[in-house]
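Let's take a friendly tour of one protein model. Have the sequence and the 3D view ready as you read.

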Amino acid sequence: MAEQLALTSAQTGVWVAQQLNPDDRSFTFAEYCDIAGPIDVAFFEAALAEVVAETPALRARFDLDDDGLVQYIDDNVRTPLHHVDLSAEPDPLRAAHHWMSEHQRTTTYDLAKGPLVSWTLLKLGPERHLWHRSLHHIVLDGFGYSLIANRAADIYTALVAGHALPPKPTDTFREVVEANAAYQRSEAFAADAAFWRSHLEDQTETVSLTDWRPPPTTESVRETVHFGPDDVTALRALASRLEVRWPTVVIAAVAVLMHRATGVRHMALGLPVTARTDAVLRRTPAMVSNTVPLRLSLTPGLDFASFTRQAAAEVDRVLRHQRYPLERLARDLRQLPSGRRQFGPDVNLMSFPYRNSYAGSPAVVHTLNSGPVEDLTFNVYNRGPREGMHIALDGNTALYTRSQLAGHLEDFVTLLRSAPDIAEDRPIAP
């Protein structure tokens, strides 16, 4: 039996982009959970089967019919847990990373047939396992990913302990789809469209660390660095002193880096947002995320503290209009360069609370990729005060070499670490 539903705006955008480039694998969204402890395989499989059964988005497939583009929630879809034992390898962790890289390079998903989810338990030893989870981005966004991962951890922990399963979510995927359709018919939608047209009417300048040109692919290469607990403490202390949230300091640092490298003073950075503006959207695994542009101006004589406060005000302003689809916005703004949506690099701030225990075994989540990259994406993963943050810089493979990317990442981290010292020291944009 299959329930037929419309698509959310975010799902439609992904579907169209995939049809334009059917061989593009950048929509394969993957991460893994490093579990330091034994795993009861039978209970783990049961937990994932329960998650699939109660999460319609994980059973979706997509096609065109007489009603246009639709998705079918298919009760017959199964997502088995695959098993790979690497415990006999000389270096099990290295072997696991090789396996995950090959999975990313070779895995394709048929949107019309499904399943669009794949998970594998990689055994590195009796006391260490990696739960690798991969899916097509049309199914879930990053926030939705965290919801199903947390649900799986809770169910598995209850099964191991012999307790009753935690209550099932009461919200439905249909409510998410209907809320999206209602928004597009609402006065709020028209008001958001008017805001963006006015807010960006004179935005014509783009900013990039390479020559502006449409890349032939959205595939990317990634460089990462660990931002330790002491660094995070200093970053949060600066944010507190400036009376802003810590993500705003990161956004300001990206803009300063771009200005110093290019001389561009008036730029628009892309800010991925959850677009979850009500409780149902925040509780339901789905693909509803969006990206909004942040307009920032580094006027002569501005110091870092003042600029960060400017960025904070801009973030607050645009978040009130975060549901307006980026694809519609790109069509509305006729002055933008043709052939490629370009608001400058994206600043992807991931601060979702993941469960850090599977039946008492501590776990750490590592994101392997975050979707298509047109130019650059600065990813900051907030993993908690004890672990610190992971900073990953994704660069389009047609525009950046790995060594170039590593250099840009080093410059960014150096700037971010120096922010507490330069906040009110001297102008950042002389």
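Here is a short briefing on a sheet, a pair of helices and a single residue. Keep in mind that this is a predicted model.

**The sheet**
- Six strands come together as an open sheet, and their order is β5-β6-β7-β2-β13-β12 with mixed pairing.
- At the edges sit β5 (81-85) and β12 (357-358), each of which pairs on one side only.
- Helix α2 (residues 41-54) packs on this sheet, where it touches β2, β5, β6 (117-125), β7 and β12. The direction of α2 makes about 150° with that of β5.
- In general, strands of a sheet pair through backbone hydrogen bonds, and they can do so parallel or antiparallel.
- For an antiparallel example, look at β2 (residues 28-35) and β7 (residues 128-136), which pair over eight bridges.

**Two crossing helices**
- Helix α7 (residues 229-242) and helix α10 (residues 304-319) have axes that come within 10 Å and cross at roughly 80°.
- On the α7 side, L238, R241 and L242 make the contact, while α10 brings in F304, A305, T308 and R309.
- Sorted by class, this contact has four nonpolar residues, one polar and two charged.

- A188 belongs to helix α6 (residues 187-199).
- A188 and Y324 are 136 residues apart in sequence, yet their C-alpha atoms are 9.3 Å apart in space.

Notes
Residues numbered from 1 in each chain as written. Predicted model: local features only at pLDDT ≥ 70, side-chain atom pairs only at ≥ 80, totals over all residues. Heavy atoms only, no water. Helix = DSSP H or I, 4+ residues; strand = E, 2+ residues; numbered from the N terminus. Pairing = 2+ DSSP bridges. Contact = heavy atoms within 4.5 Å. Axes fitted to C-alpha atoms, helices over the stretch in contact; angles between N-to-C directions. Nonpolar A, V, L, I, M, F, W, Y, C, P; charged D, E, K, R; others polar.
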